[in-house]
Amino acid sequence: MESDRVEIRLGKPLRDMAVQMAAERDVSVGQIMRDALSREIARRRTARPPVRTDERLVAPLRARLADDLAHSTDWGDLQDRLQLRGYRLHAAGGGLALHEHPSGRRICKASELGFSYSRLMRRFAAPFPGHAHTWLAERMLTPETNDDDDIDVIERF
C-alpha cells in the first residue's frame, strides 16, 4: 500500500490527548489518527442520509389528506381513507411514513403532513398496529399520576 505523508497541526490540548491515547494503546499518534479517520469513513458509508421530502410535494398532499387525517376515528378508518386515495401508513423508525398504495413507494413522514405518530396515537388511544416501538405507546398512552392541574394550592390553617 502506497502512503503519503500528511502534516496535521493540533492545538496543545488535542495533541496532549492524542499522545496520552497513543501511550495507553501502545501505538503511535499517527496510528490513533488513522484509526479515527477509518472509523469516520466507515460510519459515513453506513450512515443513512436524512430523508427530507420536497415541500413542493408535501404541501399539496397535506391539503389533499388533511380531512382524512383530521376526521378518521381510529387506525383502521385512517388506513381505509388513505387507501381510497392511493396511500397507506407504515411504521418507520419511531414514527410513521406515508407510502403509495399498492406500490409501497415511500412518499414522506406522517409528521411532515402535520400529524406526528404521537399525536395520532393519543387521538386514537392506541399504538399503530404492529409498530415495533412499543415503548412509545407506553409513554404516550399511560395516564399521568397527577391530576390535570399544573399547580397545587396549599393553604395555611
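Helices (H or I, at least four residues) and strands (E, at least two) are DSSP runs, numbered from the N terminus. By that rule, Met-33 sits in helix α2, residues 29–46. This is a predicted model, in which local features need pLDDT of at least 70, side-chain atom pairs count only at pLDDT 80 or more, and totals for chains, interfaces and linings use all residues. Residues are numbered from 1 along each chain as its sequence is written, and side-chain values use heavy atoms, with hydrogens and water left out.

**Surface patch**

Met-33 is partly exposed, at 31% relative accessible area. Here buried means under 20% relative accessible area, exposed over 50%, and partly exposed in between (1.4 Å probe, protein chains only).

**Salt bridges**

A salt bridge is a side-chain nitrogen of Lys or Arg within 4 Å of a carboxyl oxygen of Asp or Glu. The whole structure holds 7 of them.

| Pair | N to O distance |
|---|---|
| Arg-9 and Glu-7 | 3.8 Å |
| Asp-16 and Lys-12 | 2.8 Å |
| Asp-68 and Arg-85 | 2.3 Å |

Asp-68 lies in helix α3 and Arg-85 in the loop between α4 and β1, so their bridge ties together parts that are 17 residues apart in sequence. Asp-68 is buried, at 8% relative accessible area. Arg-85 is partly exposed, at 34%. Both belong to a salt-bridge network that also links Asp-77 and Arg-81.

Asp-16 and Lys-12 are 4 residues apart in helix α1 (residues 12–25), about one helical turn. An α-helix has 3.6 residues a turn, so residues three or four places apart point the same way. Lys-12 is exposed at 53% relative accessibility, and Asp-16 is partly exposed at 31%. Arg-9 and Glu-7 are both exposed.

**Helix α4**

Helix α4 spans residues 75–84, and its buried residues are Trp-75, Asp-77, Leu-78, Gln-79 and Leu-82. Their cover includes α3 (55–71), β1 (87–92), β2 (95–100) and α5. At the start of α4, a side-chain oxygen of Asp-74 comes within 3.1 Å of the backbone nitrogen of Gly-76. After α4 comes Gly-86, with a positive phi near 95°.

**His-131**

His-131 occupies the loop between α5 (117–124) and α6 (134–141). Is His-131 buried or exposed? His-131 is buried, with a relative accessible area of 7%. Contact means heavy atoms within 4.5 Å. Leaving aside neighbours within four places in sequence, the contacts of His-131 are Ala-91, Ala-92, Gly-93, Gly-94, Gly-95, Leu-96, Tyr-117 and Leu-136.

**Backbone details**

The peptide bond from His-101 to Pro-102 is cis, with omega near 15°. Pro-102 lies in the loop between β2 and β3 (106–109).

Asp-26 is not a glycine, yet its phi is positive, near 60°. Asp-26 lies in the loop between α1 and α2 and is exposed, at 71% relative accessible area. Ala-125 also has a positive phi, of about 55°, without being a glycine. Ala-125 is in the loop between α5 and α6 and counts as exposed at 59% relative accessibility.

Technical notes
Polar contact = N/O pair within 3.5 Å; in protein donor to acceptor, adjacent residues only side chain to side chain.
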